[in-house]
Amino acid sequence: MDIDENPYQQWDQATKLAIDEVAAEIVAAAGRLSAASCAWLLLVEKFDGASGHVRAGFASTAHWLAFACGLAQRTALDHVRVAQALAAHAALAREMSAGRLSYSQVRAIARAAGPTEDQLV
């Protein structure tokens, strides 16, 4: 196949419809993944707020997450920060739990929005 040739031009109508259905399922699953991630992050925030890491013998919730959930330390730190932002901004939690915002989108908003900057949310 030539580099400039579009491989999708050869698809028949049935294949295009099947791919459209797969694409719709991917998008729907992404929404469910965001909702599940939001629920998980709110649990992380609850654990952090209760200083659960101390009871478990860890220096921080991020250290505990890295150990207990197999996350890289930097990833665990990001998750704790995003979890705290979700707890501080009900609108973020509402949109993510509805599947309208992804973890990546919430993480970016959380970097820009301080605890009192609801207008950025």
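The side chains of D78 and R81 meet in a salt bridge, with 3.3 Å from N to O. A salt bridge here is a side-chain nitrogen of Lys or Arg within 4 Å of a carboxyl oxygen of Asp or Glu. Side chains of opposite charge can pair when their charged atoms come close. D78 and R81 are three residues apart in helix α4, so about one helical turn separates them. Helices are DSSP runs of H or I with at least four residues, numbered from the N terminus.

This is a predicted model, in which local features need pLDDT of at least 70 and side-chain atom pairs count only at pLDDT 80 or more, while totals for chains, interfaces and linings use all residues. Residues are numbered from 1 along each chain as its sequence is written, and side-chain values use heavy atoms, with hydrogens and water left out.

D78 has another partner. R74 forms a salt bridge with D78, and the closest N and O atoms are 2.7 Å apart. R74 and D78 are four residues apart in helix α4, so they too are separated by about one helical turn. An α-helix has 3.6 residues a turn, so residues three or four places apart point the same way. Together, R74, D78 and R81 are linked in a network of salt bridges.

How buried or exposed is each member of this network? Three classes are used: buried means under 20% relative accessible area, exposed over 50%, and partly exposed in between, with a 1.4 Å probe and protein chains only. D78 is buried because its relative accessible area is 10%. R74 is exposed, at 52%, and R81 is partly exposed, at 24%.

How many salt bridges does a search of the whole structure find? The search finds three. Besides the pairs R74 with D78 and D78 with R81, the side chains of R100 and E95 meet in a salt bridge, at 2.7 Å from N to O. R100 counts as exposed because its relative accessibility is 52%. E95, at 25% relative accessibility, counts as partly exposed.

Leaving aside its neighbours within four places in sequence, R81 is in contact with R107, A110 and R111. Contact means heavy atoms within 4.5 Å. R81 and R107 are 26 residues apart along the chain, yet their C-alpha atoms are separated by 8.2 Å.

These contacts belong to the packing of helix α4 (residues 73–88) with helix α6 (residues 103–112), whose axes come within 9 Å and cross at roughly 75°. Axes are lines fitted to C-alpha atoms, for helices over the stretch in contact, and angles run from 0 to 180 degrees between N-to-C directions. Angles under 35 degrees count as roughly parallel, over 145 as roughly antiparallel, 65 to 115 as roughly perpendicular and the rest as oblique.

Which residues make this contact? From α4 come D78, H79, R81, V82, A85 and L86, and from α6 come Y103, V106, R107, A110 and R111. They divide into six nonpolar, one polar and four charged. In this count Ala, Val, Leu, Ile, Met, Phe, Trp, Tyr, Cys and Pro are nonpolar, Asp, Glu, Lys and Arg are charged, and the others, Gly among them, are polar.

On the α6 side, Y103, V106 and A110 are buried. They cover an arc of only 65° around the axis, which puts them on the same side of α6. The arc is that of the directions from the helix axis to the C-beta atoms. Apart from neighbours within four places in sequence, H79 is in contact with W40, L41, L65, L71 and Y103.

Helix α4 also packs with helix α5 (residues 90–97), at an angle of about 110° and with the axes 5 Å apart. This makes α4 roughly perpendicular to α5. A85, L86 and A88 of α4 make the contact with A90, L92, A93 and M96 of α5. These residues divide into seven nonpolar, no polar and no charged.

S51 is found between α1 (13–49) and α2 (52–56). It has a positive phi of about 55° although it is not a glycine. S51 is partly exposed, with a relative accessible area of 34%.

Terms used. Helix = DSSP H or I, 4+ residues; strand = E, 2+ residues; numbered from the N terminus.
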